[in-house]
Amino acid sequence: MKHDLWTLPTIDLMLAMKKAIGYWPKLDALARANLGEGKIGRGIDAPEYWKRGELDKLEKYCLEDVRLTYEVWKIGEQNRKLKYLDAAGFVRETVVNWQDGFMQKVDETAQGRLL
């Protein structure tokens, strides 16, 4: 069965967190605050891995980002709260509602822009 990925419902965790705390947190900061571990690289590393043909490193980086995203989502889903690092680097906690990060499906006329 084929699906048009643009029409599948999605939730943007960072959008939901922005609505809860007032700014876009980084996945690394959320992972460190909630899981005690951070990302294994930076987003700018991924295109470089691709350019150099280091697909094994690219795969490892992407899979780890997905795992961290899922683990952070799961904590928020179960507890309805997430820890985050404030501007001064202190760990804080906030109520999180993943529905605040719900993204509408894309209309064909929007040409890839979210409605």
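The legends below describe close-up views of a predicted model.

**View 1. Confidence along the predicted chain.** The mean pLDDT of the chain is 89, and 89% of the residues score at least 70. Among the elements, helix 4 has the highest mean pLDDT, 97. The lowest mean, 83, belongs to strand 4, residues 102-103.

**View 2. The largest nonpolar core.** This core has 15 residues. M17, L30, V72, L82 and W98 are those with the most contacts inside it. Two or more residues each come from helix 1 (13-21), helix 2 (27-35), helix 4 (55-79) and strand 2 (81-85). Helix 1 gives the largest share of the core, five residues.

**View 3. Surroundings of V72.** V72 is one of the buried residues of helix 4 and one of the residues with the most contacts inside the largest nonpolar core. With neighbours within four places in sequence left aside, V72 is in contact with L13, L27, L30, A31, L35, L82 and W98. Among these partners, L30, L82 and W98 are also listed with the most contacts inside the core.

**View 4. Helix 4 and its buried residues.** Helix 4 has 25 residues. From its first C-alpha to its last it reaches 36 Å, close to the 36 Å expected at 1.5 Å a residue. L58, Y61, E64, D65, L68, V72, I75 and G76 are its buried residues. They pack against helix 1, helix 2, helix 3 (45-51) and strand 2.

**View 5. R80, after the end of helix 4.** R80 follows helix 4 and lies in the loop between that helix and strand 2. Phi of R80 is near 60°, a positive value in a residue other than glycine. R80 counts as partly exposed because its relative accessibility is 45%, between the cut-offs of 20% and 50%.

View 6. T94 lies in strand 3, residues 91-95. The residue counts as buried because its relative accessible area is 14%, under the cut-off of 20%. Leaving aside neighbours within four places in sequence, T94 is in contact with M17, A20, I21, R80, K81, L82 and Y84.

Note on methods:
Residues numbered from 1 in each chain as written. Predicted model: local features only at pLDDT ≥ 70, side-chain atom pairs only at ≥ 80, totals over all residues. Heavy atoms only, no water. Core = buried A, V, L, I, M, F, W, Y, C linked by side-chain atoms within 4.5 Å. Buried < 20%, exposed > 50% of the residue type's maximum accessible area, 1.4 Å probe, protein only. Helix = DSSP H or I, 4+ residues; strand = E, 2+ residues; numbered from the N terminus. Contact = heavy atoms within 4.5 Å. pLDDT = per-residue confidence, 0-100. Expected span 1.5 Å × (residues − 1).
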